[in-house]
Every structure is written in structure tokens, then in C-alpha cells.
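Biologist: I would like to learn how to read a few features of a model. Where do we begin?

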Amino acid sequence: MHSRASALALAAALAVVAACGDGDGPSRAGDASPGRAGAEGPVSTLTRNQALHIPMRDGVRIAVDVWLPDGTEEGALLPTMIRATRYWRARAFVDAPLESDSNFGEAERWNAAGYALVLVDGRGSGASFGIRRFELAEDEVRDYGEVADWIVAQPWSNGRVGAYGVSYAGNTAEMLAVNRNPAVKAVAPLFNDFDNFGHLVFPGGVLTVGFLESWSDRTRMQDLNDICGLSGVSGAGCDELRGRVTGVKPVDADVDGALLAAAVAEHEANTVPFGAALEYEYRDDPFGRYDETNVGHRRSPSGHLPQIEESGVAMFVRAGWQDAATVNGTLGRYNTISNAQQVFIGPWDHGARNDADPFRADDTPVAPDADEQFAQLVAFFDEHLKEGGAGTTPTEINYYTLGADRWTRTETWPPDGFDDVTWYFGADGALTRESPADADGADTHTVDFTATTGTRNRWYTNGGGGDVVYGDRRDEDAKLLTYTSAPMAVDTEITGHPVVTLWLSSTESDGAFIVYLEDIAPDGTVTYITEGQLRAVMRAVTDDPPLYRKYGPHRSELRADGMPLVPGEVAKISFDLWATSVLIREGHRIRVAVAGADADTFLRYPRDGSVPVLSVQRNATYPSGIVLPMQESR
């Protein structure tokens, strides 16, 4: 029997890999196997599962797993789903049956729905050859188009292909459309990073060091097939673990492991994201040693919108209000390109594995559940990939309002019926609708670098951190500069994009400005709603058109537009908070909290370790405040 310690190590390894994963919803897989196809059945029956290398235009071999419905006969024509990842398309166990393959449950669901399923290791990851210059590089994106070409050339293909996935696999699903392959009819980017600079890694130019360092470490270990590093074991514990789970699944032809070893050797040259990010600040900076093109926007779907629109693919999109800042990408895409887009924005963590409405109990079951989420996906793809499908998808946004337990459908964003209401910072920490009359009102605040939102926040969930739970914020708010309203006279909904304007001076030329929007209950409980942030040197506003629709002041975030603060001189710092929809109940108060740091989440600014002292103006000349899109109870 195996020791309890080694069993725990194995469970830890699987949990870590699953946390990096990006499948179709809550994980159903248990153990995994090498996934070799079993003995063939009748001559007329196709092999259920195969692991193959597909050569690309430049000779790089990309690893795929192909799953066909059990008993598929020669001559059958199937639509195909692609899920492409950089987190191992499958795991390999020793001497385990096919039914224990890490993707068996996922394959069973898609196969039962009448689809072939093709799982892909992205270039430079898993069992694929090549290197990763950076995530979603142009060569990786072209690979996915060639995988689609390979699929439609197979005798079991009906010539129609779709793609789906959560997180990185959501990115690859959307990027597949960039190839404008006529076989690709529909894609489902779920919880994906439409603009990974602005919405995940550098929101407002502020590096999410807490998320990125752990994500970078895990993916590096995956790229090097280091199952022991992922599970935190070494020596005899590692030997025992490798006797049962060997890491990424090799292709069927790799009987002695030589192909996988050669692929992993190539991965040694991959860019390590965290190290590259520490040397990277502006969108046009090179990211790592291979990126010399200075086209940071092309590392995300947001940099390829003309091609995505030209593809004509229909899109099924899910996002969560508190999943990094990805909801702004979902809304920006919706209002920029003409593709049919059915959008759902819910009270979810990353991947809709947990309910994240902060006004409900932390253990509230997620809704819809995993089965219903999958049924929605199947219904969407059936419309576009199966014979008899109408090929139609409604263009609409269905959004949930936090604290109200209510869904609303709209075809326009922002939705109708909300008025922009300006709230001003006042004396004694007041948040008021009365504009300031004071000629010289101001508040001094020394940035507290111990302030934190913890490690169960919107940024960590995107890296596999699980549910979003901020808890009662009153103690942390004591470290911040806060402005709080009087109790609301009636239930009031805030839906849209708050925009804050800070008129302030600092003792330093750089800094991070983080603004939280919060709800204060009558008993004093402080509930986080949303936030926004901006690095001081990124504050320059430009009239140049953005790549996609944005909802606050637009900044290029290019090095040429960097604008350090002049110490002691009042400057305007204006930016939008990440979109939200929330009901503020009668008797509750609204709070705006201003911070200069989040110790567990963001890199410290200024980077030299100095401590800024801020003077936030709240007077007739410099009226700091926030604009909230509001609607009183209907």
C-alpha cells in the first residue's frame, strides 16, 4: 500500500494541475491514465481515444488527444470541439484504464452530445514541441488554425469546428477565430482574458505580483514536466509519486518517452512570465528576450478584433463580476465588434465553480450548476455545428445584480435607466452629493503598505485561487482614506462603470492609486463591491481611439506617454472602477476607500521603497469624487 504522505502528495499534484487548468467547468476528473487507445473493435469502428502529434508549417509537432464517441463507425460525420491549453491537455498515470483518463468525463459529455473532442497542448507546453516566446504569440495562434485544418481533413469530420474553454482555453478559443478558418463557426470564450495587460497582469499599469508569481512558478513546472515540484515532494517521495503519475500525457507513438523528453528540453527556453513582467512596464515594452516587436496589444484577443469580426464566428461568453477585471473585456468586446454574442455576467468566481455574491453565504451553491452550464454550451454549439441547426445566436447581455438575486436581460450596454450621479469627498470623511464650497479642503494620508485585500480576491481567483471572499473590510479600511455616505433612503441599484477623480499631490513621483467601492450595513459590516487602480505614471489621457470600447478616461499606457508626478504639485488622477451591478439596500451606506497599496496583490510603488504622503484635495477648485450610475428602486 502507498503511504498516506504519498497519497496526499498525489492529491496535491492533481489539485495544483487542476488549478492551472481551463476546461469546461467544475472538474469532474479523478485519477488519470496514459490514455492509450485500447484494442480496436470491429473493423468498421473507429478508435475511441488517440494521442497524436500534428506537424505544423514550420515542423513543430503539436500534441493532441482525439476523443470520438464510443462505437463511432466509419463514415460517421461529427462536429468537433477544440479545447486548447497551455496547462497540459491530459495527465499520465501508470497502468490505469482509459476510464481513468483525466479527460474521460469531459469526453464522455461531449461525445454523448454527438461531438468529437480534440484537446491540444499549446506550442511549447505539455507534450508539444516548440518554445513559448510569450503567451498567445502569433505562431501559437496560427497552430490552432492548422489543427482545425487537420480536423476537417479527417474522415469522421462534418467540416464544422467550434472551440471553448475557461481562462487560457477561453483565450485560445477566441484566438482561433483570428485565423478566419471557414470551418470554425462558433466559439465560447469563458472567463477569458480579453486584454491580459489591462485586465489581469497590469490593471491600470499596476503589476498583480501576487497572482503572477505563483502562476508563473506553476506553469514553469508544468512546461518542464515537473510533477514532483507541482506537488511539493522530493527524494523518495518524488520517486514514489512518479511510480504512479508521470506528469503530462505523451503521444501514443512515444513508447519510450524520448519524444516527450525532447519536447520538454525545448521548453527550457520558454520565457518565464514573472521574470519578464518585472522588467516590463508599458504596453509597448518588449516582454522577455524574444519579444522585440513592441506590440503588446497583440498578446491578447483585444489586439485582433478586426480579424475576429471578419471571421463572423458566433460567441457564447461567460464572465464574473469579480473575476480579475475580465468583465470589462467582455463588455468592451460586446460594444466593439458585430459578431453575434450571447453574454452572461454572473456572481461567479473564475470558471463559475463557486458563487461569489458577497451578500450571500460563502457556501451558497453555484447557479446554474455544472450540468446546466454544459447544457447551455451544447445548445449554443448545436445551432452552429450540427446539421439542422439554425445558425443563430441572440446578441444580448444577461447580467446578475449582486445583493438582489436578480438577472436582467439587455441588448445595450450600459443598460438604460441609470443616471450618472456625482458624489463628492467631503470633510470628516463624508461622501456627499453636495459639491464642496470650501476653498482649501484637503486630507493627508500616508500610504500604509500593510493594507491588503487578502489572497481570496478577484485577482487570485483568476490564477486558480478559488472562491472570491473578501469578508468584512472594516479593519482594513482603518488603514485607508475613506469617504462614507449617509444611509440610503431607498433601495438603489448601481449598474455600470463608476469613474473616480482624485485631485491630489504626493511626496513621490510615482505610486499606485487603488479605489474601492463598498457597502456599509447598518451593523457596520463593510462589503467589498468593486475596485479600480492606476499607476501614477500611467495617468496621461489620450484622444486616440482605443482598440475596443472603454468606459472611463482612455490612456495609451505606452512608454512615450509616461507622466511622472511632480512632488508637491496637484495632479488629476481619473479612472474607472471595474464594472459592477449591485443593489444598495435602504439604510445601507456607500463608501469609497482610497489606498496606495495592496500588500498581497500588487507590486509596491514606488519601487525604490519610499513611502508616499498624499494630499487629497476636496475643495471647490479641486473637487475629488466619484460618478456612480444609479437607479432608485423600481
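Modeller: With the disulfide, counted here as a pair of cysteine sulfur atoms within 2.5 Å. A disulfide is a covalent bond between the sulfur atoms of two cysteines. First, the ground rules. This is a predicted model, where local features need pLDDT of at least 70, side-chain atom pairs count only at pLDDT 80 or more, and totals for chains, interfaces and linings use all residues. Residues are numbered from 1 along each chain as its sequence is written, and side-chain values use heavy atoms, with hydrogens and water left out.

Biologist: How many disulfides does the rule give?

Modeller: One disulfide. Cysteine 228 and cysteine 238 form it, with their sulfur atoms 2.0 Å apart. The torsion about their S-S bond is about 85°, so the disulfide is right-handed.

Biologist: Which helices hold cysteine 228 and cysteine 238?

Modeller: Cysteine 228 is in helix α7 (residues 227-231) and cysteine 238 in helix α8 (residues 235-242), so the pair ties together parts 10 residues apart in sequence. Helices (H or I, at least four residues) and strands (E, at least two) are DSSP runs, numbered from the N terminus.

Biologist: Are cysteine 228 and cysteine 238 buried or exposed?

Modeller: Both are buried. Buried means under 20% relative accessible area, exposed over 50%, partly exposed in between (1.4 Å probe, protein chains only).

Biologist: How do I read two packed helices?

Modeller: Two packed helices are described by the angle between their axes and the distance between the axes. Axes are lines fitted to C-alpha atoms, for helices over the stretch in contact, and angles run from 0 to 180 degrees between N-to-C directions. Take helix α3 (residues 138-152) and helix α4 (residues 168-176): their axes come within 9 Å and cross at roughly 70°. α3 and α4 are therefore roughly perpendicular to each other (65 to 115 degrees; under 35 is roughly parallel, over 145 roughly antiparallel, the rest oblique).

Biologist: Which residues of α3 and α4 make the contact?

Modeller: Glu140, Val141, Tyr144, Gly145 and Ala148 of α3 meet Tyr168, Thr172, Met175 and Leu176 of α4. Contact means heavy atoms within 4.5 Å.

Biologist: And strand β19?

Modeller: Nine of the nine residues of β19 (residues 512-520) are buried, so the strand is largely enclosed by the rest of the structure. Two strands pair if DSSP finds at least two bridges between them. β19 pairs antiparallel with strand β20 (residues 526-535) over nine bridges. Seven bridges join β19 to strand β23 (residues 589-595), also antiparallel.
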